[in-house]
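Welcome! Take a moment to look over the chain below before reading on.

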Amino acid sequence: MKRFLPAFVALIAATLAAQAQSPPNGQFGIGLALGTGSGAQFTYAINPNIHIGGRLGFASLSQSGQSQSQFAFAPFFRYLFSTTSGVMPYLHAEFEYSSTSTGGVSSSTTALFLGGGVAYYWNATFGIRGEIHLLDLGLDPSYTQFSIVPARIGVDWFFGR
């Protein structure tokens with residue numbers, strides 16, 4: 001049985017890779033993002049190259065009688081470059097509003113993130129992606145950060161085609 005499982009996984013991966021690698025087009029999708037700015041994502045593929053959507057994140061921590069919660073909403077825009085393979089590089093812009101509450105004291109921040117990434121679509125329904133934010137412009141409070149460290153990976157499931 002232990003020998004069968006890797007062969008089965010390899011067969012499924014090869015089958016998925018052999019399918020037509022078309023990005024979503026005119027479809028709504030949901031997904032998850034993990035890393036800097038984790039949360040649920042809602043995306044609409046206007047066409048194969050332009051995707052718009054929003055990310056919702058919520059976190060709550062309680063430790064030693066102190067509690068903290070954070071909420072974030074971030075609408076985004078992606079421009080995917082067409083390629084002949086399933087891997088599509090893209091540019092990404094995101095405006096984030098986040099609110100943090102610690103022990104009854106609340107604060108909020110807004111920022112604009114600019115960066116890019118790569119997405120791989122096995123078909124018009126399922127894809128994975130990885131992205132980085134190269135420029136982080138804080139609007140309130142004001143700051144500018146250049147980096148390649150804030151990275152995020154995600155999965156997307158599109159439907160309605």
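What follows is a short tour of this chain, from its overall layout to its salt bridges.

**Ground rules**

This is a predicted model, so to speak: local features need pLDDT of at least 70, side-chain atom pairs count only at pLDDT 80 or more, and totals for chains, interfaces and linings use all residues. Residues are numbered from 1 along each chain as its sequence is written, and side-chain values use heavy atoms, with hydrogens and water left out.

**Overall layout and confidence**

The protein chain holds 1 helix and 9 strands; here helices (DSSP runs of H or I, at least four residues) and strands (DSSP runs of E, at least two) are numbered from the N terminus. Read from the N terminus, the order of elements is α-β-β-β-β-β-β-β-β-β. Of the 161 residues, 32% count as buried, where buried means under 20% relative accessible area, exposed over 50% and partly exposed in between (1.4 Å probe, protein chains only).

How confident is the predictor? The average pLDDT of the protein chain is 85, and 86% of the residues score at least 70; pLDDT is the predictor's confidence in each residue, from 0 to 100. Among the elements, strand 2 has the highest mean pLDDT (95), while helix 1 (residues 4-18) has the lowest (47). Over residues 4-16 the pLDDT stays under 50, and the model has 1 contact beyond four places in sequence for them. A contact here means heavy atoms within 4.5 Å. Where pLDDT is low, the predicted coordinates should not be read in detail.

Contacts also show how the chain comes together: among those between residues at least 6 apart in sequence, 49% join residues at least 24 apart.

**Strands side by side**

Follow strand 2 (residues 39-45) into strand 3 (residues 50-63): the two run antiparallel and are joined by 6 bridges. Two strands pair if DSSP finds at least two bridges between them. A hairpin through 4 residues joins strand 2 to strand 3, and F42 stands opposite G54 in strand 3.

Strand 3 also pairs with strand 4 (residues 66-80), again in the antiparallel sense, over 14 bridges. In this pairing G57 stands opposite A72 in strand 4. The hairpin formed by strand 3 and strand 4 has 2 residues between them, and S64 in the turn has a positive phi of about 55°.

**The nonpolar core**

Which residues make up the largest nonpolar core? There are 7 residues in all: A45, L80, M88, Y90, A119, Y121 and F158. A nonpolar core is a set of buried Ala, Val, Leu, Ile, Met, Phe, Trp, Tyr and Cys residues joined through side-chain atoms within 4.5 Å. Strand 5 (87-102) and strand 6 (105-121) each supply at least two residues of this core. Leaving aside residues up to four places away in sequence, A119 touches L80, G86, V87, M88, Y90, I128 and R129.

Now find E131 in strand 7 (residues 126-140). Is E131 buried or exposed? With a relative accessible area of 4%, E131 is buried. Not counting residues up to four places away in sequence, E131 touches R78, Y90, H92, G116, G117, P150, A151 and R152. A polar contact of 2.6 Å joins the side chains of E131 and Y90; such a contact is a pair of N or O atoms within 3.5 Å, where within protein one must be able to donate a hydrogen and the other to accept it, and residues adjacent in sequence count only if both atoms are side-chain atoms.

A salt bridge is a side-chain nitrogen of Lys or Arg within 4 Å of a carboxyl oxygen of Asp or Glu, and by this rule the count comes to 6 salt bridges. Three of them are listed here.

| Salt bridge | N to O distance |
|---|---|
| E96 and R55 | 2.8 Å |
| E131 and R78 | 3.8 Å |
| R152 and E131 | 3.0 Å |

E96 and R55 are both buried, as are E131 and R78. R152 counts as buried because its relative accessibility is 3%. Salt bridges that share partners join R55, R78, E94, E96, E131 and R152 into one network.
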